[in-house]
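Let's take a friendly tour of this structure, starting with its metal sites and moving on to its pockets. Keep the 3D view open as you read.

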Amino acid sequence: MAVVRLPGLVDPHVHLRDPGQTHKEDFSTGTQAAIAGGFTTIFDMPNNKEPIFTKKALVEKIKATKSNIVCDVGFYFGSLGDNLEEFGKVKKQTWGLKLYLNETTGNLLVDRALLFDIFLQWRRGPILVHAEDEAVPLILNVVEKTGKRTHFCHVAGKNDLKRIINAKEKGLPITCGVTPHHLFLTQEDEKTLGPFGKMKPRLRPKREVAFLWKYIKAIDMIESDHAPHTKQEKLGEGWRARGTPVEHPMIPFGVPGLETTLPLLLTAVSENRLTIDEVVRLCHTGPKRLLGLETEKNTYIKVDLKANYIIQNTNLFTKCGWTPFDGMRVKGKMNKVVIRGTKVFEEGKIITSIGKVI
Ligand code: NCD
Ligand code: ZN
Ligand code: ZN
């Protein structure tokens, strides 16, 4: 045994699908997956079936948590550019604003002509963007002119990261995150994973993945981008004929990640590709700084750095019941989670529920 204590991890980017698509995930299963993965605080995105564009939708979402959350959960607001009058009403209940510049689950493309207005009107926490390729310089220009703190979600491409690093060096108030799937999978894996390797941004060739690892110090945080869809939806059961390409628009983008992020990172630690301090920076300090989150007292996790196991679809809390890492051997296992002095997870089991909406 080589058990170490780490601070409770923070995931700044998850999709718990509740309310509206609770057949994929709900607040109970999603937060259990978070705890099992070492995350004591997570931040949920606004691309629900009814997107979180109004105070009413946000209040409904908060209500849907009932007493079902086992970790702490914060929420983001969303916008296409036509709900600026709602911004002032949600300051107390949100941590940031999420904008989608590219096609992804929910099809919530922001009106690019309104970006300046949106940036200027938002006054609660950072603006988080899904921006790929030509959308990166577009956003950088808006950040430069408005001075608003902006976070680039799930950066995957070499050119995107290069542009972001350059802009950081110029002093722009920006941060960026990467997902574990963009660090531990490559475009090669698309062949074997099929629809289970379909996500936004798309997986990259080996050399681009190597670039992310080379510049890991320039990356501010890891975000799981936990994006559960059912196996049936991924397989297109009931409608997909043999030979239908994975690119078919009915096959949804996204993969789950809450339970696999930490073991994958700890495996990289065991291979000397990362240090434990880097894991804490990427999964705790970085996201906390982005969101201005206070440290919870007596909130920590314990991990066994020597324990080996095989990630399996059959051994997950997420309702979707699969992971693109099924069958992968990892070294480093979750052992215990304590929130505000209460033990909430031990030996693979959730013990009690003391999570709250933050
Ligand atoms: C996410 C989802 O399913 O909500 N999908 C994805 O492929 N990453 C949306 C997103 O984060 O872009
Ligand atoms: Zn996205
Ligand atoms: Zn996402």
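## The zinc ion (ligand 2)

In this predicted model, His130 (ND1) and His154 (NE2) coordinate the zinc ion (ligand 2), at 2.0 to 2.1 Å. The angles among the four donor atoms of the zinc ion (ligand 2) run from 53 to 149 degrees, and its site is irregular.

## The zinc ion (ligand 3)

The zinc ion (ligand 3) is coordinated at 2.0 Å by His13 (NE2), His15 (NE2) and Asp225 (OD). What geometry does the site of the zinc ion (ligand 3) have? With four donor atoms and angles of 90 to 132 degrees among them, the site is tetrahedral.

The donor residues of the zinc ion (ligand 3) follow the spacing H-x1-H-x209-D in sequence. His13 and Asp225 link distant parts of the chain, 212 residues apart. His13 lies in strand S2 (residues 9-14), and Asp225 in the loop between strand S10 (221-222) and helix H10 (231-235). Both His13 and Asp225 are buried.

## The largest pocket

Next come the open spaces. The largest pocket holds about 440 Å³ of space, and 20 residues line it. Those nearest its centre are Ala36, Tyr309, Asn315, Lys333 and Phe345.

Which elements give two or more residues to this lining? They are strand S11 (300-310) and strand S12 (329-339). S11 gives the most, with four residues. By class, the lining of the largest pocket has eleven nonpolar, five polar and four charged residues.

## The second largest pocket

The second largest pocket has about 320 Å³ of space and a lining of 17 residues. Nearest its centre you will find Thr105, Pro249, Met250, Ile251 and Pro252. The lining of the second largest pocket divides into six nonpolar, six polar and five charged residues.

Notes:
Residues are numbered from 1 along each chain as its sequence is written. Chains are lettered from A and ligands numbered from 1 in the order in which they are written. This is a predicted model: local features need pLDDT of at least 70, side-chain atom pairs count only at pLDDT 80 or more; totals for chains, interfaces and linings use all residues. Side-chain values use heavy atoms; hydrogens and water are left out. Donors are N, O and S atoms within 2.8 Å of the metal (3.2 Å for Na, K and Ca); water is not among the atoms, so sites may look incomplete. Four donors count as tetrahedral if all angles lie between 85 and 135 degrees; four count as square planar and six as octahedral if opposite donors are over 155 degrees apart and all others between 65 and 115; anything else is irregular. On a 1 Å grid over the protein atoms alone, a cavity is a set of points where a 1.4 Å probe fits but cannot get out, and a pocket is an open set with protein on both sides within 12 Å along at least five of seven lines; lining residues have an atom within 4 Å of a point. Grid points are joined across faces, edges and corners, and a volume is the space filled by probe spheres set on the points. Ala, Val, Leu, Ile, Met, Phe, Trp, Tyr, Cys and Pro count as nonpolar, Asp, Glu, Lys and Arg as charged, and the others, Gly among them, as polar. Buried means under 20% relative accessible area, exposed over 50%, partly exposed in between (1.4 Å probe, protein chains only).
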